[in-house]
Amino acid sequence: MFTLHKLDMETNNDKMLKDFFGENKKEIADFGFSQRVMRKLPEQADRSWIMWLFAGIGIVLTLLLGLYTGLIEYAFLFIQIIPQLYILIGVVSFSVIGGTVVLLGQKNSYRMI
Amino acid sequence: MSNTDDIRWVAQVTLLGDKTAFDKLTCKYQSPIRRFFLNMTMGDVPLSDDLAQETFIKAYLNIASFRGLSGFSTWLYRIAYNVYYDSVRVQKHYADIDEIQIDSQHQTQNEFSAEKMDIHKALKILRKEEQTAVLLFYMEDKTHKEIASIMNCPLGTAKTYILKGKEKLSVYLTQAGYGNK
């Protein structure tokens with residue numbers, strides 16, 4: 001009985017504190033704080049070239065492997081063989097499906113904000 | 001905005017030195033970090049903004065040491081916690097800590113502190129460690145494990161801080177008639 005009473009009291013206290021802190025919890029507007037932080041950050045070397053370096057290596061490797069295995073040649077031949085209507089349908093459906101997925105994704109992220 | 005975004009932005013800052021990505025992290029976490037400092041300093045807006053700024057600069061300088069074992073938020077709070085106690089130590093208040101004196105020094109007259117007077121009055125009855133743990137638990141919705149990680153103490157100790165803080169605050173609020181509202 002005593003234990004139950006104690007448990008009940010603890011639950012009530014917990015709820016009271018949650019309410020109390022919840023009432024006092026307020027979002028603080030930025031008011032230029034982030035900009036002040038950004039201005040104070042020390043200058044560091046721009047390393048965005050790393051991204052371009054790896055992108056370049058990737059493209060070169062793809063081309064080399066494609067040429068070595070004959071995959072690129074085969075792809076060109078394949079494009080010439082298949083009916084142009086198929087290509088057209090493929091491009092259109094890819095754009096429609098891709099566009100829908102991107103739009104739905106954006107809608108979801110707005111909802112999260 | 002999820003934790004995945006945090007990891008992506010951290011990677012952009014670490015690998016590419018992309019400041020824009022860090023700006024996104026700052027925008028996302030400025031409010032909780034400034035609120036944490038505001039409550040720890042009993043409503044001193046200039047001081048809490050200075051400490052928050054120092055926290056973000058330290059986070060930027062040490063971002064490569066973020067391993068992703070805990071969330072970015074927990075890692076940032078840990079820096080904030082250290083920055084706060086460092087500032088107290090630097091002011092030589094920590095050794096013979098006179099909390100009432102510190103609080104009255106930190107207390108400035110501004111609209112925000114006036115609005116939050118009740119919470120600061122309530123927090124003053126707690127020890128600094130209890131204040132930190134209670135604020136992180138009830139205000140910032142951190143788990144016991146995260147609080148232990150932020151305060152760099154064993155899980156049991158963090159739980160004790162919260163429990164003691166909770167008991168003291170419950171008595172204080174009940175006596176102040178808060179529960180009857």
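Set aside neighbours within four places in sequence, and Ala133(B) is in contact with Ile147(B), Met151(B), Ala158(B), Tyr161(B), Ile162(B) and Gly165(B). These contacts come from a predicted model.

Ala133(B) also belongs to the largest nonpolar core, which has 48 residues. Together with Phe37(B), Leu76(B), Ala80(B) and Val134(B), Ala133(B) touches the most other members. Which element gives the most to this core? Helix 2 of chain B, residues 19-40, does, with nine residues. Domain 1 (1-114) and domain 2 (125-181) of chain B both supply residues, so the core lies between them.

Helix 2 of chain B also holds Asn39(B). Is Asn39(B) buried or exposed? A residue is buried if 20 or more other C-beta atoms lie within 10 Å of its own. Asn39(B) has 23 other C-beta atoms within 10 Å, so Asn39(B) is buried. Leaving aside neighbours within four places in sequence, its contacts are Ile119(B), Leu123(B), Leu135(B) and Met139(B). Asn39(B) and Phe137(B) are 98 residues apart in sequence, and their C-alpha atoms are 13 Å apart in space.

Chain B as a whole reads as follows.

| Property of chain B | Value |
|---|---|
| Helices | 10 helices |
| Buried share of the 181 residues | 38% |
| Share joining residues at least 24 apart, among contacts between residues at least 6 apart in sequence | 63% |

From the N terminus on, the order of elements is α-α-α-α-α-α-α-α-α-α.

Terms used: Residues are numbered from 1 along each chain as its sequence is written. Chains are lettered from A and ligands numbered from 1 in the order in which they are written. This is a predicted model: local features need pLDDT of at least 70, side-chain atom pairs count only at pLDDT 80 or more; totals for chains, interfaces and linings use all residues. A nonpolar core is a set of buried Ala, Val, Leu, Ile, Met, Phe, Trp, Tyr and Cys residues joined through C-beta atoms within 7 Å. A residue is buried if 20 or more other C-beta atoms lie within 10 Å of its own, exposed if 12 or fewer, and partly exposed in between; C-beta atoms are placed from the backbone. Helices (H or I, at least four residues) and strands (E, at least two) are DSSP runs, numbered from the N terminus. Domain bounds come from an automatic or database domain assignment. Two residues are in contact if their C-beta atoms, placed from the backbone, lie within 7 Å.
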